[in-house]
Amino acid sequence: MKRIGLLTSGGDCQALNATMRGVVKGLSSNLDELEVYGFDDGYKGLIYGNYRMLSSKDFSGILTQGGTILGTSRQPFKLMRVPDENGLDKVEAMTQTYHKLRLNCLVILGGNGSQKTANLLRQEGLNVLHLPKTIDNDIWGTDMTFGFQSAANIATEAIDCIHTTAASHGRVFIVEVMGHKVGWLTLHSGIAGGADIILIPEIPFDYKKIVEAIDKRSKAGKRFTILAVAEGAISKEDAKLSKKELKKKMEEKAGKYPSVSYEIADKLAKATGADIRITVPGHTQRGGSPCPYDRVLSTRIGSAAADLIMKEEYGYMVGIVNGRMKKVPLEECAGKLKMVSPSDPLIEEAKRIGISFGD
Ligand code: F6P
């Protein structure tokens with residue numbers, strides 16, 4: 001008999017359900033007795049003891065279903081050691097729930113912050129496994145997170161759709177892509193969608209270079225230009241500021257521009273006189289059904305996690321490296337961010353075909 005806890009934490013994405021299905025199917029086909037407890041809304045359910053017992057029926061027919069059947073919430077890692085408004089010690093409360101249910105293992109599907117909390121629970125003596133989810137693909141120790149490819153498909157489709165309207169009107173278009181502080185999603189969807197200029201946080205941009213790239217296209221008779229801009233993109237000027245100075249500047253800008261794309265559009269319109277439009281696909285990038293790649297990846301991650309549980313090997317993130325499943329010790333990966341390297345071959349290849357990174 002095994003007693004497993006499951007929770008999904010942080011921003012949702014596609015393939016959360018597919019991954020849980022993989023874990024539970026992997027376990028139930030190897031065990032006569034299995035009890036699965038699903039916690040409501042991420043760590044919140046573990047803290048406040050809100051859970052329900054799930055049966056194999058709950059995991060049937062959810063491979064293709066986006067979102068999460070358990071619900072999710074953001075419980076910032078930095079607040080985990082801070083008591084709640086009623087003075088409750090959250091870490092102690094989570095530990096108590098775990099022991100009360102006599103769990104053998106807690107399986108946590110989440111991003112970077114959730115991974116840090118998973119590591120904290122490991123340090124508190126709980127058996128945990130972390131399964132790397134996020135559309136941002138910024139988790140260190142795995143080549144790919146589930147959700148990323150599905151989101152890249154949606155962002156690519158957004159850029160595809162902009163092409164026809166940009167061409168008809170002869171406009172400059174900015175498509176703002178999610179990704180938090182990293183540029184993976186923008187880089188991949190920008191290349192896949194045929195963007196002319198790609199701006200990512202890891203390569204601070206120079207307005208002059210963007211203007212040059214737009215001018216070059218106009219001179220070559222191109223009626224439109226499409227920019228794929230990461231929500232975390234930053235100018236060279238801002239990147240030079242200290243953390244404190246940047247925070248102050250960002251606060252000032254927030255009153256004027258809803259996001260970085262609006263600032264870029266404003267400055268480019270002044271510099272080029274171009275007719276500029278902004279499209280923000282926003283949370284559509286996290287919605288809908290997981291793409292085939294993510295369904296396969298999630299099934300593999302879920303199945304590999306079930307294998308570790310059968311072997312009673314805990315304290316790992318289950319990632320994929322060079323096409324093979326890999327268990328990565330949480331103490332090794334927790335707290336590290338996987339960013340795009342400016343010397344990534346993909347950047348060099350994109351530059352060779354004429355894509356500008358504004359640097
Ligand atoms: O981490 C996933 C993500 O979608 C980021 O790309 C984005 O910056 C953030 O979450 C948005 O968070 P929220 O859903 O809380 O607005």
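**Group meeting: a walk through the predicted model**

Asp136 is buried, with 26 other C-beta atoms within 10 Å. By buried I mean that 20 or more other C-beta atoms lie within 10 Å of a residue's own; exposed means 12 or fewer, and partly exposed is in between, with C-beta atoms placed from the backbone.

Before I go on, two notes on the model. It is a predicted model, in which local features need pLDDT of at least 70 and side-chain atom pairs count only at pLDDT 80 or more, while totals for chains, interfaces and linings use all residues. Residues are numbered from 1 along each chain as its sequence is written.

An unreviewed UniProt entry annotates Asp136 as "active site". UniProt positions are given in the numbering used here, feature names are shortened, and annotations may be inferred rather than shown by experiment. Asp136 sits in the loop between β5 (128–134) and β6 (146–147). Helices (H or I, at least four residues) and strands (E, at least two) are DSSP runs, numbered from the N terminus. Leaving aside neighbours within four places in sequence, Asp136 is in contact with Gly179, His180, Val182, Trp184 and Leu185. Contact here means that the two C-beta atoms, placed from the backbone, lie within 7 Å.

The loop between β5 and β6 also holds Asn137. Asn137 is buried too, with 25 other C-beta atoms within 10 Å. Its phi is positive, about 55 degrees, although Asn137 is not a glycine. For background, most residues other than glycine have a negative phi.

Now the ligand. Which residues surround the ligand? They are Gly11, Gly111, Thr134, Ile135, Asp136, Met178, Gly179, His180, Glu231 and Arg286. A residue counts as near a molecule or strand if its C-beta atom, placed from the backbone, lies within 6 Å of it. The shell around the ligand divides into two nonpolar, five polar and three charged residues. In this scheme Ala, Val, Leu, Ile, Met, Phe, Trp, Tyr, Cys and Pro count as nonpolar, Asp, Glu, Lys and Arg as charged, and the others, Gly among them, as polar.

Next, the domains. The chain is divided into domain 1 (2–147 + 290–333) and domain 2 (151–286). Those bounds come from an automatic or database domain assignment. The centres of domain 1 and domain 2, taken over C-alpha atoms, are 34 Å apart. Nine residues from domain 1 and ten residues from domain 2 take part in the contact. On the side of domain 1 that touches domain 2, the residues divide into three nonpolar, three polar and three charged. Where does the ligand lie? Domain 1 and domain 2 both give residues to the shell around the ligand, so the ligand lies between them.

On to another annotation. The unreviewed UniProt entry gives "binding site" for Gly11, Arg74, Gln75, Gly111, Asn112, Gly113 and Ser114. These residues are spread over 104 residues of sequence, yet they cluster in space, with a largest C-alpha distance of 11.8 Å. Take two of these residues. Gly111 is in the loop between β4 (105–110) and α4 (112–123). Gly111 is buried, having 23 other C-beta atoms within 10 Å. Beyond neighbours within four places in sequence, Gly111 is in contact with Gly10, Gly11, Lys133, Thr134 and Ile139. Arg74 lies in the loop between β3 (51–54) and α3 (90–100). With 16 C-beta neighbours inside 10 Å, Arg74 counts as partly exposed.

Two elements deserve a look. Helix α6 (residues 184–192) is mostly covered, with eight of its nine residues buried. Those buried residues pack against α5 (148–169), β7 (172–177), β8 (197–199), β9 (225–230) and α13 (345–352). After α6 comes Gly194, which has a positive phi near 70 degrees. Strand β1 (residues 2–8) has five of its seven residues buried, so β1 is largely enclosed by the rest of the structure. β1 and strand β2 (residues 34–39) run parallel and are joined by five bridges. Strands pair if DSSP finds at least two bridges between them. Arg3 has Glu35 in β2 as its bridge partner.

Last, some exposed positions. Asn322 lies in the loop between β11 (316–321) and β12 (324–329). Asn322 is exposed, with 6 other C-beta atoms within 10 Å. Phi of Asn322 is positive, near 50 degrees. Gly125, in the loop between α4 and β5, is exposed with 9 other C-beta atoms within 10 Å. Gly125 and Gly315 are 190 residues apart in sequence and 9.6 Å apart in space, C-alpha to C-alpha.
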